[in-house]
Number of protein chains: 2
Amino acid sequence: MPVLVMKFGGTSVATLDRIRRAAKRVGVEVAKGYDVIVIVSAMSGKTNELVGWVNETSPMYDAREYDAVVSSGENVTAGLMALTLQEMDVPARSWQGWQVPVKTTSAHSSARIEEIPSDNIMAKFKQGMRVAVVAGFQGVSPEGRITTLGRGGSDTTAVAFAAAFNAERCDIYTDVDGVYTTDPRVSAKARKLDKIAFEEMLELASLGAKVLQTRSVELAMRYKVKLRVLSSFEEQSDTAGTLVCDEEEIMESNVVAGVAFNRDEAKMTLVSVADRPGIAATIFTALSEAGVNVDMIVQNIAEEGRTDMTWSCPNDQVKRAEKAMEQAKQSGVINFDEMIADMDVAKVSIVGIGMRSHTGVAAKMFQVLSNEGINIKVITTSEIKISVLIDRKYMELAVQALHDAFELEKAA
Amino acid sequence: MPVLVMKFGGTSVATLDRIRRAAKRVGVEVAKGYDVIVIVSAMSGKTNELVGWVNETSPMYDAREYDAVVSSGENVTAGLMALTLQEMDVPARSWQGWQVPVKTTSAHSSARIEEIPSDNIMAKFKQGMRVAVVAGFQGVSPEGRITTLGRGGSDTTAVAFAAAFNAERCDIYTDVDGVYTTDPRVSAKARKLDKIAFEEMLELASLGAKVLQTRSVELAMRYKVKLRVLSSFEEQSDTAGTLVCDEEEIMESNVVAGVAFNRDEAKMTLVSVADRPGIAATIFTALSEAGVNVDMIVQNIAEEGRTDMTWSCPNDQVKRAEKAMEQAKQSGVINFDEMIADMDVAKVSIVGIGMRSHTGVAAKMFQVLSNEGINIKVITTSEIKISVLIDRKYMELAVQALHDAFELEKAA
């Protein structure tokens, strides 16, 4: 029988009633003839409670014990979901990570899945079990210890199972009903997309759209797993939600698929850096070693032998970046006149695979912003994305203007 | 290094503060040179919460899923205890049942421990780990599924580890400071015992004293594990609590060690049963199949060919017993005139290994009760125990009178 993977996030299994509602959706797919693998998160709030206890007990905790404690929330939901399905006369059983086993690396708290042998679960499917309920977010290391995959890891678990079992589709049930052209709270014209390409979803996820964990999209793209994002609180249907798929499966699409934004960005500039070969490497190695996640980078030649170096990074890493640069200056590896941090910026991006074949998209974006009197501070581009850094106070305006100009409220 | 097993019950690990207090006690034993195996229960209330969820989800639950859900509370405490010890610079790690592995039977929710291989944990002790924190109450079946040992199972886990690791002693930390001659809430003269023999503890546990799980005492007796019961809320000392040990280690002891009682007993009588060979077997097989736990049994010959059959059982099983007897009567396998259930009775017992060598103990007990005007309804005896069923309203009076008469307030 074809296999379907269904993943339910924390809000979708927050209470026994919601677990029942989720189980009913599973029952519908079983009735259609699927063998179903259900991946569950912890009931919402539970993981935070456990993480809080660990932090209070041991601020510099041993990640192996962190994983042992924090993984327990998913085990509870897995058992309760299996019981709920059994009550509905659906043959089901729960599996914890080590029972499958979900083999991961030993990088506790941020482990990567290495292998999911399918034989144990497939044997049960052959014996008549219809649903395997698997605790998400967890696995087992080569040393036999419990690992976790990092926040949002249950999405990754779901996609990895879909790949390992060659599933027809991987349905991610969450509290939003799909992927939108932009955040509906910022633009009332935001439209739910029926389909989106992996590459676009990947850019949107890394640009701040919180629907799917970036790694799960990467994995889906690599193994060509059809991903569907849909709400567990809406009516069930075969076309609900948004399908994340290979771009070949999207017949027609807008040039721009969506507008993403991020409020928590800061812009930093080193003014009049003494330029020499390797200076950029020196600066960004120092920032990386200080744990600063640099996003955009721009270099301007100011005068002969001097340059201005600008980058963006998360707001809360500015202090760390300043300290690293001051130290580098004192130890003489770099030299600059001044360091400026601008905390009142935001990043706005447009994303779309259509950009590959359409010219003038960047020019149009800059014109739209200019028409609104919005000054662009930094620009970066990739093959399917253009990002700009602007004053934060213009962020909503920029998103709305771009959404209008590229006519994202209309389907292709 | 010698091994010590320390078990902390739910109230002793109810909060992060209490876990810290328990960890300090562990630290003291480590400093003395012990390698310590710590067995932990779930934080108090957690197991009840999980059991509640399972019952609400599926009243006739699959015991395998029940075990998967309910065992998670101990995993949380084990991780938190290991982290707390690490914070105190004590090398520690947590172990879940399947990691040790604690091999049990497949009787889910009431599994029995079959084997605890010591090599994994011993190897870690040799590498410098000083404390293995093990999640109590759980194990793994031959099929690789999680099992639990039944309520109070963490005591059994502790004793089984003490036996498997040939531990010097097994300390059970709880919310009472030891075993008393009787419940201090019933007799103000109740005295804490410094030592008690396994056999006595076993009788007391099965008669309703809630200090230790009966199975853990059986196991300790079989493997000669020195058990100590003590409070985690009192000052630490080497002589605190009560030592449960082989009777040879108790030099002098009172004839009677303690007075136990049970309020939740009912007395049932079938009046004028048609007697024939095998009638007792027929009646008690029917009761057993109906899930009635029969305790005391008395048979009186009323007249030629007729007999009165009396037994005691827990109050809340009376309805079930009545139904089973009515059905047996209707189907013609037994015949009786009347069925009487007396819910207002209590069982009072005296226990002591000294009874083996002292005569007249039973006579003295009956005389004491008679002096107080208390009528005895049923009597049963074993080698080291005499139990009587009396009107419940006299229970406290009986306990106090017996405690006085056998001078239990005085040490031997």
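Is B:K224 buried or exposed? Select B:K224 to begin: at 59% relative accessibility it counts as exposed, where buried means under 20% relative accessible area, exposed over 50%, and partly exposed in between, with a 1.4 Å probe and protein chains only. B:K224 sits in the loop between α8 (214–223) and β11 (227–231) of chain B, helices (H or I, at least four residues) and strands (E, at least two) being DSSP runs numbered from the N terminus. Its phi is near 50°, a positive value in a residue other than glycine.

Before going on, note that this is a predicted model, in which local features need pLDDT of at least 70 and side-chain atom pairs count only at pLDDT 80 or more, whereas totals for chains, interfaces and linings use all residues. Residues are numbered from 1 along each chain as its sequence is written, chains are lettered from A and ligands numbered from 1 in the order in which they are written, and side-chain values use heavy atoms, with hydrogens and water left out.

Next, select A:D89, in the loop between α4 (72–87) and β3 of chain A. Phi of A:D89 is near 65°, again positive in a residue other than glycine, and A:D89 is exposed, with a relative accessible area of 69%. Most residues other than glycine have a negative phi, and most peptide bonds are trans.

In chain B, a cis peptide bond joins B:V100 and B:P101, with omega about -10°.

Finally, select the contact residues (heavy atoms within 4.5 Å): 37 come from chain B and 36 from chain A. Within this contact, display A:K46 and B:E49, which form a salt bridge with the closest N and O atoms 3.9 Å apart, the rule requiring a side-chain nitrogen of Lys or Arg within 4 Å of a carboxyl oxygen of Asp or Glu. On the side of chain B that touches chain A, the largest share, 9 residues, comes from α4(B).
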